Amino acid sequence: MTKKMANSDWHPASWQTKSAEQQANYPDQEALESVVSELSKLPPLVTSWEVDALKEQIARAQRGEAFVLQGGDCAESFADCTSESIVAKLKILLQMSLVMLFGMKKPIVRIGRMAGQYAKPRSADTETLDGLALPSYRGDLVNRVPFTSEDRVPDPQLVLRGYERAALTLNFVRSLIDGGFADLHHPEYWDLDWVGHSPLAAEYHNILGSIADSLDFLESISGRSFDQAQRVDIYSGHEGLHLHYEQAQTRFLERRNRWYDLTTHYPWIGMRTAAMDGAHVEFFRGVANPIGIKIGPGMTAEWLQDLLRVLNPNNESGRISLIHRFSAKSIDDCLPNLIRAVKATGAPVLWICDPMHGNTETTAEGIKTRRFDNVISELQSAFRIHQSMGTYLGGVHLELTGENVTECTGGARGLTDTDLRRSYKSMVDPRLNYEQAMEVAMRIAGLRDNN
Ligand code: PEP
Ligand code: CO
C-alpha cells in the first residue's frame with residue numbers, strides 16, 4: 001500500500017468530498033453503491049498499455065508531428081449499439097482521417113466519441129411539459145428519454161448496462177480492426193453510400209486512387225508490405241461526467257505505480273464541470289490518462305493556469321489537451337488571451353478546436369441546429385490565430401455521424417431550416433452528416449477551397 005501514497009490525499013473516491021456538478025440524483029443510494037461495487041470488480045474496458053500509447057501519440061501531436069481527429073455522437077444511445085451504427089462511425093472516422101493524412105502529410109490520431117459517451121450535462125435539472133416537471137434526460141447511463149416519471153428517475157442499473165454496451169462496442173471495433181477492416185490497402189471496405197451525385201464523392205475517390213498508387217510505389221521501392229506498419233488504431237473518448245462510473249473502473253497499476261481510469265483511453269472534463277474546487281478536477285488530477293479540458297468563453301487566464309498546475313503538476317507531455325469551443329463570433333476575442341496564459345506557464349498542451357459547441361442555435365420552430373458556415377469559420381479562425389501566435393492547432397473535435405441525417409444546416413447541399421425535420425435523430429446536439437463531415441475533413445486537409 002505504501003506505493004499508493006505517492007499522491008496520498010487522493011483516491012478514486014476522494015472526489016466525493018467535493019461538490020459535483022451535473023450529477024444524477026439517485027433516490028436509492030444503496031442500489032447505487034452496490035452497482036459501483038459490482039463495476040469495480042468487472043474487468044476494465046481498456047488497458048493501461050493502450051492509454052499510454054495514446055498519451056505518446058498526443059505528445060507527438062503537441063510537438064506538431066501528428067494531428068488528432070476526435071469525432072462521434074453528442075450522446076450515444078444504447079439502442080444504437082448495432083453493427084450498422086458502429087461500422088458507420090468507424091467508416092466516417094477512417095475516411096476523414098485518410099483524407100487528412102493525404103492532405104496534411106502527418107499521422108492522424110483517431111479518437112471516437114464512442115463506447116461510453118452516455119452521460120450528458122444539461123442546462124436545467126428539470127424539464128417541464130404541460131405543467132409536469134420531471135428530471136431532465138441526462139444520457140442513457142442515467143435515465144431514459146420518454147417523458148414519464150418512471151423513465152426519468154435515475155436508475156443505477158443503467159450504469160451497468162452502459163458498461164456492457166461500451167464493452168460490446170469496443171469488442172466489435174477491435175475485431176474489425178484486427179480482422180483487417182482498417183487496412184489502408186482496402187479503403188473500399190469503408191465506403192459509405194454517397195447520397196445522390198455528391199460532388200465530394202469524385203474528390204474522395206481521386207484521393208483513394210492517389211493513396212493506393214503511393215502505397216504501391218512505397219512497397220515496391222522498399223520491398224516490403226506496409227500492412228503492419230500502417231496499422232490503424234482507433235481510441236475511445238467520452239466526457240468524464242458520471243464520476244461513480246469513472247471511479248468504479250479506476251485501477252492502480254503496480255507496474256506503472258499510478259492510477260488509471262480504464263473506462264476509456266481519453267476522458268475529458270466538460271465545460272460545466274471544470275471548477276477548481278469541484279469533484280471533476282479532484283477526480284481527474286489523480287489518474288494517469290491523457291485528458292481533455294473543454295474551454296469556452298467563460299474561461300479566464302488564471303483559471304486555466306490553475307487547471308494546468310493542478311491537473312499536470314509535472315508538466316508531463318501528452319497529458320493535457322485543451323479543447324476550445326468559443327463560437328465563430330467570439331473566438332477572436334477569447335482565444336489569444338488564453339494562448340498567452342498557457343505560454344506563460346511553459347506547460348505542454350495540445351490545442352484542439354471544437355467548432356461545434358459554441359455555434360449551437362435554435363430555429364424559429366425550436367429545433368437545435370448549427371450552421372455549417374459557422375463551423376468552418378470557427379475552424380479557419382482557429383488555424384489562423386494559432387499560426388499567428390506561433391502555436392500549433394493539433395486537432396479537431398466534432399459531433400458527426402456516418403449517416404445521412406439533417407441536423408446541421410448548410411454544407412455542399414445547402415440544407416435549410418425546413419430540411420431539419422426530414423431526418424433529425426440526435427437526442428441532444430445536432431451532428432454533421434456524412435457529407436458535411438467529409439467536407440470539413442477536406443477543408444482541414446487543405447484540399448478544398450476555403451471560401
Ligand atoms: C459535448 O461535448 O457534448 C459538450 C456538452 O460540450 P461542452 O462541455 O463543451 O459544452
Ligand atoms: Co454535444
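Start with the whole surface. The chain exposes about 18,700 Å², and carbon and sulfur atoms supply 50% of that area. Keep in mind that this is a predicted model.

**The whole chain**

Stay zoomed out. Along the principal axes, the C-alpha atoms fill a box of roughly 60 × 55 × 45 Å. A compact globule of 451 residues would have a radius of gyration near 22 Å, and the chain agrees, with 21 Å. Of the 451 residues, 56% count as buried.

Switch to a cartoon view. You will find twelve helices and 14 strands. Now think about which parts of the sequence meet. Take the contacts between residues at least 6 apart in sequence: 76% of them join residues at least 24 apart.

Colour by charge next. The chain carries 47 positive and 58 negative charges.

**The cobalt ion**

Select ligand 2, the cobalt ion. Which residues coordinate the cobalt ion? Show the side chains of Cys74, His357, Glu399 and Asp429. The donor atoms are SG of Cys74, NE2 of His357, OE of Glu399 and OD of Asp429, at 2.1 to 2.4 Å. Along the sequence, these donors follow the spacing C-x282-H-x41-E-x29-D.

Are Cys74 and Glu399 buried or exposed? Cys74 is buried, at a relative accessible area of 1%. Glu399 is buried too, with a value of 0%.

**Phe67, in strand E1**

Move to Phe67, which is found in strand E1. Phe67 is buried, and its relative accessible area is 0%. Display what surrounds this side chain. Leaving out residues up to four places away in sequence, Phe67 touches Met100, Met104, Pro107, Ile108, Val109, Phe383, Tyr392, Leu393, Gly394, Gly395, Val396 and Ile444.

Pick Gly394 from that list and draw a distance. The C-alpha atoms of Phe67 and Gly394 are separated by 4.9 Å, although the two residues are 327 apart along the chain.

**Ile86, in helix H3**

Go on to Ile86, in helix H3. Ile86 is buried, with a relative accessible area of 4%. Which residues is Ile86 in contact with, leaving aside neighbours within four places in sequence? They are Cys81, Met114, Thr169, Phe172 and Val173.

Draw another distance here, to Gly71. Ile86 and Gly71 are 15 residues apart along the chain, and their C-alpha atoms are separated by 13 Å.

**Two backbone stops**

Finish with the backbone. Most residues other than glycine have a negative phi. Two residues here have a positive one.

Select Gln22, in the segment before helix H1 (29–41). Gln22 is not a glycine, yet its phi is about 60°. With 17% relative accessibility, Gln22 counts as buried, because the cut-off for buried is under 20%.

Then select Lys105, in the loop between H3 and strand E2 (108–113). Lys105 also has a positive phi, near 55°. Is Lys105 buried or exposed? Lys105 is exposed, with a relative accessible area of 66%.

Note on methods
Residues are numbered from 1 along each chain as its sequence is written. Chains are lettered from A and ligands numbered from 1 in the order in which they are written. This is a predicted model: local features need pLDDT of at least 70, side-chain atom pairs count only at pLDDT 80 or more; totals for chains, interfaces and linings use all residues. Side-chain values use heavy atoms; hydrogens and water are left out. Donors are N, O and S atoms within 2.8 Å of the metal (3.2 Å for Na, K and Ca); water is not among the atoms, so sites may look incomplete. Buried means under 20% relative accessible area, exposed over 50%, partly exposed in between (1.4 Å probe, protein chains only). Helices (H or I, at least four residues) and strands (E, at least two) are DSSP runs, numbered from the N terminus. The radius of gyration is taken over C-alpha atoms; the globule rule is 2.2 Å times the number of residues to the power 0.38. Contact means heavy atoms within 4.5 Å. Accessible areas come from the Shrake-Rupley method with a 1.4 Å probe; for residues, only the protein chains shown count as cover. Lys and Arg count as positive and Asp and Glu as negative; His and the chain ends are not counted. The place of a charge is taken as NZ of Lys, CZ of Arg, CG of Asp or CD of Glu.
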